[in-house]
Amino acid sequence: MDIQMIGTGSAFSKRYYNNNALVYTDDFTLLIDCGVTAPTSLHQLDKPLSEIDAILITHIHADHVGGLEEFAFRMKFQYDRKPVLYIADTLVQPIWENTLKGGLVQNEWQQLEDFFEVRPLQAGISTQLAAGLTVELMETPHILGKQSYSVYINDHFFYSADMRFNPDLLASLVQDRGCTVIFHDCQLQSPGVVHASLEELLTLPESIQERIWLVHYADDRDDYIGRTGKMLFLDQHQVYSMSELVRTNG
Ligand SMILES: [Zn+2]
Ligand SMILES: [Zn+2]
């Protein structure tokens, strides 16, 4: 499995785009989140929307769902296709009512299912999306009163999406579930408030830090290179194989 962040920036980053990912297996491509900048980034990567087999959404913020209207319209008009949409069952109604309906609704199209092949996921249950690709949504804390999910991929790769600092969860993933690679959102300046801050992440034991790749960072990230303990910044648009992301032996 390979992974390529089409963006690694924080919600308001202008340099690194929204924190969205392409996950590749031999014959399947999954887009994790589709923010405002996703269509532009995919265009720059020369990646036609038709090559994306499914989208998975973690939560409803524009840097994670703001590109879905364009995605839906272009798939319908350019390719006459409904993209497969994996989303937590709890978010199926809100993503239509609160985010997409305003732009997408017209005479004969009145519901999410008119644009997407919707496949609701239940948190805590691992689902096989394709050969060599399983995902499990984990509800994690991000914004009070808003449901948000991280993703556990292939039972060893934790993709935080957006979450507050949660050291107990990270420790349990590593100790109890054999997690080898963590992509973690990172607010460079404290306090983190709705994300883990770099300062908080630096309090983690080295055995956890060496599994962490930092994403969802602000435009001044280069000022922090060399100041991230055992953690490393992931680069936008670079394709990483899973094996090169593992930096630990145990
Ligand atoms: Zn975000
Ligand atoms: Zn968010």
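Reader: Which residues form one aromatic cluster?
Author: This is a predicted model, so keep that in mind. The cluster is made up of F73, F77, W96, W109 and F115.

Reader: How are the rings of F73 and F115 arranged?
Author: Their centres are 6.0 Å apart and the planes meet at 90°, so the pair counts as edge-to-face. F73 sits in helix α3 and F115 in the loop between α4 and β6, so this pair links parts of the chain 42 residues apart.

Reader: And are F73 and F115 buried or exposed?
Author: F73 is buried, and F115 is buried too.

Reader: What sits over the ring of W109?
Author: The charged end of K76, 4.4 Å from the ring centre. Over the ring of W213 you find the charged end of R247, at 4.7 Å from the centre.

Reader: OK, metals. What are the protein donors of the zinc ion (ligand 1)?
Author: D63 (OD), H64 (NE2), D162 (OD) and H216 (NE2), lying 2.1 to 2.2 Å from the zinc ion (ligand 1). Along the chain these donors follow the spacing D-H-x97-D-x53-H.

Reader: Why is that site irregular?
Author: The angles among the four donor atoms run from 90 to 155°. Tetrahedral would need all angles between 85 and 135 degrees, and square planar would need opposite donors over 155 degrees apart, so the site of the zinc ion (ligand 1) is called irregular.

Reader: How far apart are the zinc ion (ligand 1) and the zinc ion (ligand 2), and which residue coordinates both?
Author: They are 3.6 Å apart, and D162 coordinates both. D162 lies in the loop between β10 and α5, while H216 lies in the loop between β12 and β13, so the pair ties together parts 54 residues apart in sequence.

Reader: D162 and H216: buried or exposed?
Author: D162 is buried at 1% relative accessible area, and H216 is buried at 2%.

Reader: Switching to the backbone. Where is the cis peptide bond?
Author: It joins S190 and P191, with omega at about -5°. P191 is in the loop between β11 and α6.

Reader: What about phi of V193?
Author: V193 has a positive phi near 60°, and it is not a glycine. V193 is also in the loop between β11 and α6, and it is exposed at 60% relative accessibility.

Reader: And D46, what is its phi?
Author: D46 has a positive phi of about 60°, though it is not a glycine. D46 lies in the loop between α1 and β4 and is exposed, with a relative accessible area of 69%.

Notes: Residues are numbered from 1 along each chain as its sequence is written. Chains are lettered from A and ligands numbered from 1 in the order in which they are written. This is a predicted model: local features need pLDDT of at least 70, side-chain atom pairs count only at pLDDT 80 or more; totals for chains, interfaces and linings use all residues. Side-chain values use heavy atoms; hydrogens and water are left out. Helices (H or I, at least four residues) and strands (E, at least two) are DSSP runs, numbered from the N terminus. Buried means under 20% relative accessible area, exposed over 50%, partly exposed in between (1.4 Å probe, protein chains only). Donors are N, O and S atoms within 2.8 Å of the metal (3.2 Å for Na, K and Ca); water is not among the atoms, so sites may look incomplete. Four donors count as tetrahedral if all angles lie between 85 and 135 degrees; four count as square planar and six as octahedral if opposite donors are over 155 degrees apart and all others between 65 and 115; anything else is irregular. Rings of Phe, Tyr and Trp (its six-membered ring) pair if their centres lie within 6.5 Å; planes under 30 degrees apart count as stacked, over 60 as edge-to-face and the rest as tilted. A charge sits over a ring if NZ of Lys or CZ of Arg is within 6 Å of the ring centre and within 35 degrees of the ring normal.
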